[in-house]
Amino acid sequence: MILVIFLKNLVLVVVVTLILSIPICLFLLFSLKRYAKQLVYMSLPFFVIVPVLVNLYWFVTCTINATCSEKFPLGYRVLALVFVFLVIGLIVWIFVVNWSRVELTVRIIKVSADALSNNLGLFGVLPALVLGLVVYYVPIVVFLVFARLNGEIVPREKHGKVFCEWKEDSWVPAYYALAILTMLWSAAAMVEAQVYVISGTIAQWYFSKDDEKVKRGIRNSLRNAFGTSAGTICFSGILVAIVRIVRAAVDSAAEEDATGIVSLVLRCCVNTFLSAFEFLNKFTINFAAITGEAYCASARLTYELLRRNLLSAVVVEIVSTRVLAAIIFVLSAIYAIVVCVILQAATRLGVDSYFVAAVAFVVLILILGFLVHVLDNVIDTVYICYAIDRDKGEVCKADVHEIYVHLPISRNHNPQYLNARTPLLV
């Protein structure tokens, strides 16, 4: 009976959270568009206060509870309490060190939220792409299940006893490996396609006139993504999949007892190379979506563009990601606290209400994280569009130039003009 009540409340909370996530996302987006500075400055203290209160709450609760205090001795509780406070202090230190960039970051977020609010259709297209990937996975999974049925029963002897065992055909393991690699490649390509669609749509908004409304911007980006630039997306996807597989292998090797200076240097070099590739690849897709160039040409032109203009400004993008992460963490934590209070007052779940509230927190922060992921791609796209504008000596969005002009530029700035096709800008 208690389990039924728990599952009923859990399902109800998840469904309500999914429904409320839509107005919460829209509220957050339009708040960032109009009141980004106030929202950021209000959220930053909560980003410290909430973890501090949670840390103190669990410590006091565990101390009072006899079972918890018995299983978790006082010394370990104090060490955990101090460790969490050190982590909070590290977070505060990060914001203090980057405080000079917070004001500029707030303005960048505001511009990006404005760009995204003018292209709300992306929130319908991007989940549809994920749904299409799931539909694409269905026959692959079905074929994987049926592939295991290909084989025969053969006799085996072990410890003098004979028994029957199912032996798969020799091609089944190879098919499994091929199918899994295909699924990884498809997932990576779909992520790159989402970035391409976001970048292409935002670029059309950026290079349009202020009083001109972009028509069929998302449709044009989808047509290019799955048409002329499909090879670029697939090639980028397979490179990303390879990098992730290699990174997983390196991390797995690092968890083993592999010691020695040679192993350490090798892992460091591999991680540096992979991080550099991920950085370059991210802006490569943005540039390919804006100009229509092929992958290799986009990588070369993007590197030259950033080297001449804005390579040192990437730190601001990192700060914006942290600020947005702080905002969604605070909103999700407040929502989870409200859910917990309601459950404590309206139900008899007791301690289980904390678990249900934690599930609500996870669900909401995942959905808001998707919004932040889209905003991050919008920030990257506006960043590249401004770099192209600056490189050409043009001003398509004056308000963007007023903000991005405060970004530091590289010492190798050379006012050469970019020679690239721009089909989306016509």
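User: Which residues does Tyr137 touch, not counting residues up to four places away in sequence?

Analyst: This is a predicted model, in which local features need pLDDT of at least 70, side-chain atom pairs count only at pLDDT 80 or more, and totals for chains, interfaces and linings use all residues. Residues are numbered from 1 along each chain as its sequence is written, and side-chain values use heavy atoms, with hydrogens and water left out. Tyr137 is placed in helix H5 (residues 122-147), where helices (H or I, at least four residues) and strands (E, at least two) are DSSP runs numbered from the N terminus. Taking contact to mean heavy atoms within 4.5 Å, and leaving out residues up to four places away in sequence, the residues that Tyr137 touches are Met183, Leu184, Ser186 and Ala187.

User: How far apart are the C-alpha atoms of Tyr137 and Met183?

Analyst: Met183 is one of the residues that Tyr137 touches. Along the chain the two are 46 residues apart, but the separation of their C-alpha atoms is 7.2 Å.

User: Is Tyr137 buried or exposed?

Analyst: A residue is called buried under 20% relative accessible area, exposed over 50%, and partly exposed in between (1.4 Å probe, protein chains only). Because the relative accessible area of Tyr137 is 17%, this residue counts as buried.

User: Which helix holds Thr232?

Analyst: Thr232 is buried, with a relative accessible area of 9%, and touches Ala288, Glu293, Ala294 and Tyr295 when residues up to four places away in sequence are not counted. The element that holds Thr232, spanning residues 230-255, is helix H8.

User: Why are Arg300 and Glu304 separated by about one helical turn?

Analyst: Arg300 forms a salt bridge with Glu304, with the closest N and O atoms 3.8 Å apart. The two residues are separated by about one helical turn because they both belong to helix H10 (residues 295-308), where their spacing is four residues.

Methods. Salt bridge = Lys/Arg side-chain N within 4 Å of Asp/Glu carboxyl O.
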